[in-house]
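Thank you all for coming.

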Amino acid sequence: MYFSVWAALLLGTFITYKVAYIDLGRFNAAVALTIATIKALLVALFFMHIKGAHEKLLKLVVISTLFFLFILLVLSMADYGTRTWS
Amino acid sequence: MSDSTVVGLHHEEQHHPELLHHFAEPQQQRDAASLGMWIFLGTEVMFFGGLFCAYLIYRRWYFGDFGAASKSIDATLGATNTAVLICSSLTVVLAVWAAQIARRTLLIGSLVITMLLGMVFLGIKGKEYKDKFEEHHVPGASFSFDHVAIPGHPDQYANPRHAEIFFALYFIMTGLHALHMIIGLGLFAWLLYMAWKGRFTPEYHTPIEIGGLYWHFVDIVWIYLFPLLYLIDRHP
Amino acid sequence: MSMATTTIQPVERENYLNKEYGVGSWLFTTDHKRIALLYLISITFFFFIGGFFALIIRLELLTPASDLVQPDTYNKLFTMHGMVMVFFFLVPSIPATLGNFLVPMMIGAKDLAFPRINLLSWYLYIIGGLMMLHCMLTGGVDTGWTFYTPFSTAYSNTKVVEAGLAIFVAGFSSILTGLNFVVSIHRMRAPGMTWSRLPLFIWAHYATSIIQILGTPVIAITLLLVAVERTLHLGIFDPKLGGDPLLFQHLFWFYSHPAVYIMILPSMGVISEVIACFARKRIFGYSFVAFSSIAIAVFGFLVWAHHMFVAGISIYAALVFSILSYAVAVPSAVKVFNWTATLYKGSIHYDAPMLYAFGFIGLFTMGGLTGLFLAALGIDVHVTDTYFVIAHFHYIMVGGALMGYLGGLHFWWPKISGRLYPESWARLAALIVFLGFNLTFFPQFVLGYLGMPRRYADYSHMPEFQVLNVLSTAGATVLGVGYLLPMLYFLWSMRYGKPAPDNPWNAAGLEWMTSSPPTTFNFEEEPVVTWEAYNYDELDRGHKQEVKVVG
């Protein structure tokens with residue numbers, strides 16, 4: 001099962017690399033980051049064994065961390081994104 | 001629950017040799033170690049997170065200049081390095097599995113290959129840094145980035161000051177990542193030594209598990225660094 | 001070992017203090033109680049240094065002209081006062097001393113989850129502290145504790161990099177302490193010690209640890225960026241080179257605002273314990289107080305840009321952060337209401353720890369309410385960067401956090417040292433601290449509102465401010481006496497104080513069921529908890545809580 005995850009990760013990398021050379025305009029970044037997120041999820045769920053974890057605590061730790069990172073990025077953007085308004 | 005005779009009073013023949021005195025039983029020690037490593041990885045996420053925050057803000061501000069700078073780093077090497085790290089993550093899970101089923105040769109082999117792949121990664125990184133050094137793209141006194149066209153706007157040149165910010169972030173982010181790799185290599189060298197000495201059993205292989213968690217985290221950071229730094233604006 | 005009465009000389013019973021002698025047994029200890037004492041000594045040392053700087057600042061401000069020190073020196077003084085007090089005193093204070101000492105005992109464990117990492121965190125603190133000392137002795141820093149760019153990265157001629165790296169190292173000490181607490185509280189609770197039976201001190205430290213874990217890394221990377229930028233002349237935060245100084249401020253305050261909750265939450269935990277004990281009542285609304293600690297930790301991360309209202313952020317962002325700043329005050333208010341309700345119909349005893357708790361409630365409330373003034377954009381525009389802000393945060397940090405720290409030290413001193421401190425002197429000191437504090441800082445609210453800017457050595461263009469400044473300095477002297485007294489009588493008590501019984505206050509909590517001082521492993525056998533927290537009605541009925549053991 002690890003091997004299928006590994007293959008998926010390599011495939012994702014290959015796709016990301018190739019798609020970057022195609023002009024999708026604004027979607028290049030979105031595609032690349034989506035694939036990156038899927039890869040990260042695969043590593044976290046299967047290689048780091050979050051999927052089989054019997055306790056909810058580990059998932060809580062991961063989700064809380066990501067939540068606060070999200071806050072840092074998004075609330076900063078609240079400033080940078082709105083400076084040119086009005 | 002816990003057997004009180006294990007707590008407080010040492011009955012040597014009753015508890016596992018690797019059990020530390022302040023824990024009641026091995027499972028508690030394992031769970032503590034695992035939670036501790038996950039929380040530590042949480043701190044690392046926030047540590048890199050600050051850099052990602054700075055990067056995203058400037059990328060939005062100076063998209064064209066960042067695109068030009070990004071184009072000048074080697075995406076093939078970057079993709080190769082991504083693949084290298086993914087393979088090393090595979091060998092890490094194989095190492096953990098080998099410890100669980102008491103296959104010492106497989107365990108040691110996996111650890112060795114993991115370390116070799118890590119060194120390959122650092123070698124490729126070194127080559128990239130060397131290229132940047134020769135092209136005067138290292139921020140500082142000798143930085144120069146004149147007359148580089150912005151991708152998609154062949155008549156406009158990138159602002160060297162903004163490109164320098166890209167390279168500053170590039171070196172700091174990949175440099176910090178490489179530092180974590182080096183620390184990881186040190187960690188795995190120690191794990192290899194312990195495995196060689198036969199310290200790991202199916203009941204006790206926590207250090208490999210938590211070392212593995214660390215390594216996977218370093219892999220995940222790179223999974224994000226690669227598209228963000230190397231693939232900003234590559235299309236012809 | 002028998003539950004001894006006060007007639008037995010404490011040195012005859014083995015405890016964590018006399019178990020081993022020698023410098024090595026202390027420097028290589030993994031006993032959380034010894035590590036707590038190592039921290040206590042180091043933190044007190046830095047408190048003296050920070051206090052010394054405060055003294056010079058207040059002496060300078062006695063007169064409008066900059067006649068005691070040059071303005072450049074004054075800049076260094078307020079900078080280093082802030083850095084030392086924030087990073088080397090307040091942030092570690094309660095968690096590293098009282099927290100390290102009490103958390104394992106309160107949850108019924110023999111030690112924290114990672115004792116060696118605990119020792120490592122002290123060493124990191126010492127290394128960071130030594131770096132800071134060296135920085136101060138070889139020229140100091142003058143950027144303000146806030147390190148604002150591009151002054152810190154491009155223009156200041158002082159030892160910015162060294163100070164930044166010192167704080168970087170000390171930050172890891174904080175992270176490791178937080179990590180240790182969270183893992184311990186999750187994994188090391190004794191049988192029967194459910195989450196709803198935990199003392200509120202533990203809930204407070206849990207919330208504090210979350211902030212330490214998630215926030216400190218961000219300031220670590222920020223200071224690293226400042227160091228790199230300054231050394232290599234980069235432009236990440238320098239507008240001349242395309243950078244944004246506000247980016248530094250966002251990253252800096254993302255930690256430094258939650259940091260103030262690191263400084264106050266443990267103190268609130270102490271107050272909960274003290275009030276319950278000296279009102280002989282369970283804290284009113286236990287769950288509300290417990291969850292409010294978590295709420296403060298979470299909400300505290302959402303408000304950082306209220307330090308940047310006039311810095312140039314967009315007005316829309318300012319609106320959002322202003323509203324969120326009002327929201328974060330709610331859980332703190334919940335606590336104050338619950339403590340007050342606990343006092344109602346309680347059996348109040350006016351021992352020294354309780355006096356500090358009363359002081360805390362009043363002064364923290366004032367500090368907190370003035371925070372709401374500052375969260376209002378309209379008012380903030382006028383009082384930002386004035387003494388109003390300084391008074392606000394000193395009411396919370398000194399009137400709140402420090403009072404809680406002193407109250408906690410008094411409350412648990414018998415447990416820590418096995419000696420009783422002299423009660424009359426302690427009550428006198430508490431009173432002196434309260435009076436001195438108000439005399440020092442209340443005039444500063446007025447000064448700020450009237451327009452006196454902060455960080456000015458020379459206010460000779462506003463000589464009418466001198467009277468209030470003189471009052472403030474007089475208060476600072478009184479306050480200094482108030483702080484000196486406990487240090488003196490605590491030291492005195494270690495030699496001449498009456499030996500303490502195991503539970504001199506007849507207080508609830510597992511830590512009071514250990515000996516005074518405790519043995520190295522705290523409990524003979526792992527306790528099994530079958531009672532709720534704050535069972536003061538049972539204790540007062542003379543129902544001695546026998547620690548049920550396993551087996």
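When I say that two residues are in contact, I mean that their C-beta atoms, placed from the backbone, lie within 7 Å. What we have here is a predicted model, in which local features need pLDDT of at least 70 and side-chain atom pairs count only at pLDDT 80 or more, while totals for chains, interfaces and linings use all residues. Residues are numbered from 1 along each chain as its sequence is written, with chains lettered from A and ligands numbered from 1 in the order in which they are written.

Let me start with the interface, where 30 residues of chain A are in contact with 30 residues of chain B. On the chain A side, two or more residues come from each of α1 (2-19), α2 (27-47) and α3 (56-80), where helices are DSSP runs of H or I, at least four residues long, numbered from the N terminus. The largest share of that side, ten residues, is contributed by α3(A).

As for confidence, pLDDT is the predictor's own score for each residue, from 0 to 100, and chain A averages 89, with 99% of the residues scoring at least 70.

Finally, I would like to look at B:Arg234, which sits in the segment after α6 (206-230) of chain B. Leaving aside neighbours within four places in sequence, B:Arg234 is in contact with A:Ala20 and A:Tyr21, and also with B:Lys71 and B:Ala75. Between B:Arg234 and B:Ala68 there are 9.0 Å, C-alpha to C-alpha, although the two are 166 residues apart in sequence.
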